[in-house]
Amino acid sequence: MNQPLGEVFGLMAEDTSPKAKLERESNNCPFSSNLCTKDKANDPLGVCSVRDVNQNLVITCPVRFKEDMIIAEEVSEFFFPGNDNWALIPEVRLDDIHGKSAGNIDLVIALLDEDRKIIDFGSVEIQAVYISGNVREPFKAFMKNPELFMEQPWKGNYYPRPDFLSSSRKRLIPQVAYKGGILQSWGKKQAIVIDKPFFETIPTFPTCLKEEADLAWFIYELHPNGENKFNLKLSKTIYCKFLDMIDIINTPQPALLEDFMTYLDGKLRRL
């Protein structure tokens with residue numbers, strides 16, 4: 001089935017039962033304690049994940065990573081091995097020395113003493129994937145008639161696809177480099193939470209042992225649970241040093257000069 005939707009309001013798009021339809025009409029987000037507000041609060045775009053060209057699931061909403069907050073348990077073990085006296089602080093503003101915002105930290109995991117005073121912390125960057133094309137049109141068609149939508153391939157204009165390149169170059173890497181530079185100067189560990197299809201598009205960088213790392217990539221996948229839903233599962237964890245990773249990822253891999261010269265010649269002849 002060539003259709004772009006993976007999950008709609010937390011349920012498999014394949015689930016077109018009356019019960020699922022009723023659940024979706026409530027606009028409830030099962031991965032938070034609130035209603036879905038993605039894109040528009042009064043008309044939310046309840047698409048949690050989409051399918052790529054190979055029909056693999058790609059997470060497109062950062063809230064999707066908050067399923068049962070399993071990421072907190074797994075990331076905290078990297079920050080504070082063997083210590084479970086920690087608390088979660090979402091959306092923390094990070095300022096530079098001039099008081100200007102360097103952006104928000106998606107999630108801070110703070111280590112506490114016996115009096116619940118913060119004695120250390122780690123930073124978590126959660127990055128979903130941008131979409132190119134129009135995902136609202138297939139979402140609207142699905143919500144109107146799920147059964148009909150799932151019976152035939154989607155042929156609407158601007159077929160939605162995961163935009164991995166924009167997600168990394170325009171969002172993830174600049175955010176990690178700028179905010180991470182401040183956190184690195186403070187000696188604080190960092191974690192990046194993304195899904196497997198997205199990670200596979202990231203340039204290869206040097207890795208190290210967990211004990212040597214100041215940054216870790218937590219890479220997740222969505223697995224069917226037999227109840228018309230997917231569960232978030234940790235696929236693997238990659239450990240590295242922040243400065244080594246940034247140096248590699250921020251350095252473009254040049255194409256051959258000869259190929260670029262050939263391209264220029266062709267463009268000149270067409271002028």
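Reader: Which residues line the largest cavity?

Author: The general idea comes first: rolling a probe the size of a water molecule over the atoms shows where empty space is left. In this model, which is a predicted one, the largest cavity is lined by Ser123, Glu125, Gln175, Val176, Lys179, Gly180, Leu183, Gln190, Ala191, Ile192 and Leu215. The volume of the largest cavity is about 60 Å³, and its lining divides into five nonpolar, four polar and two charged residues.

Reader: Which elements supply at least two residues each to the lining of the largest cavity?

Author: Those elements are E7, H5 and strand E10 (190–195), and the largest share, five residues, comes from H5.

Reader: How many cavities of 30 Å³ or more does the structure hold, and what lines the second largest cavity?

Author: The structure holds two cavities of that kind. The second largest cavity, with a volume of about 40 Å³, has a lining made of Lys21, Arg24, Glu25, Phe142, Met143 and Pro146. Helix H1 (18–25) and helix H3 (136–144) each supply at least two of the lining residues, with H1 giving the most, three residues. By class, the lining of the second largest cavity has three nonpolar, no polar and three charged residues.

Reader: Turning to pockets, how much space lies in the largest pocket, and which residues are the closest to its centre?

Author: A pocket, unlike a cavity, is an open set of points. In this structure the largest pocket holds about 700 Å³ of space, and of the 34 residues that line it, Lys38, Thr60, Cys61, Pro62 and Val63 are the closest to its centre. Two or more lining residues come from each of strand E3 (47–51), strand E5 (86–95), strand E6 (101–112), strand E7 (118–126) and strand E8 (130–132). The lining of the largest pocket includes 18 nonpolar, 10 polar and six charged residues.

Reader: What volume has the second largest pocket, and which element gives the most to its lining?

Author: The second largest pocket has a volume of about 340 Å³, and its lining is made of 13 residues, with Arg169, Pro203, Ile249, Thr251 and Pro252 nearest the centre. Helix H5 (164–185) and helix H7 (242–249) are the elements that give two or more residues to this lining, and H5 gives the most, with five. Seven nonpolar, five polar and one charged residues make up the lining of the second largest pocket.

Reader: Why does leucine 88 count as partly exposed?

Author: Leucine 88, in strand E5, counts as partly exposed because its relative accessibility is 32%. Leaving aside neighbours within four places in sequence, leucine 88 is in contact with Met69, Ala72, Leu107, Val108 and Ile109. The C-alpha atom of leucine 88 is separated by 31 Å from that of glycine 226, 138 residues apart along the chain.

Terms used. Residues numbered from 1 in each chain as written. Predicted model: local features only at pLDDT ≥ 70, side-chain atom pairs only at ≥ 80, totals over all residues. Heavy atoms only, no water. 1 Å grid on protein atoms, 1.4 Å probe; cavity = no way out; pocket = protein on both sides within 12 Å on 5 of 7 lines; lining within 4 Å. Points joined across faces, edges and corners; volume = space filled by probe spheres on them. Helix = DSSP H or I, 4+ residues; strand = E, 2+ residues; numbered from the N terminus. Nonpolar A, V, L, I, M, F, W, Y, C, P; charged D, E, K, R; others polar. Buried < 20%, exposed > 50% of the residue type's maximum accessible area, 1.4 Å probe, protein only. Contact = heavy atoms within 4.5 Å.
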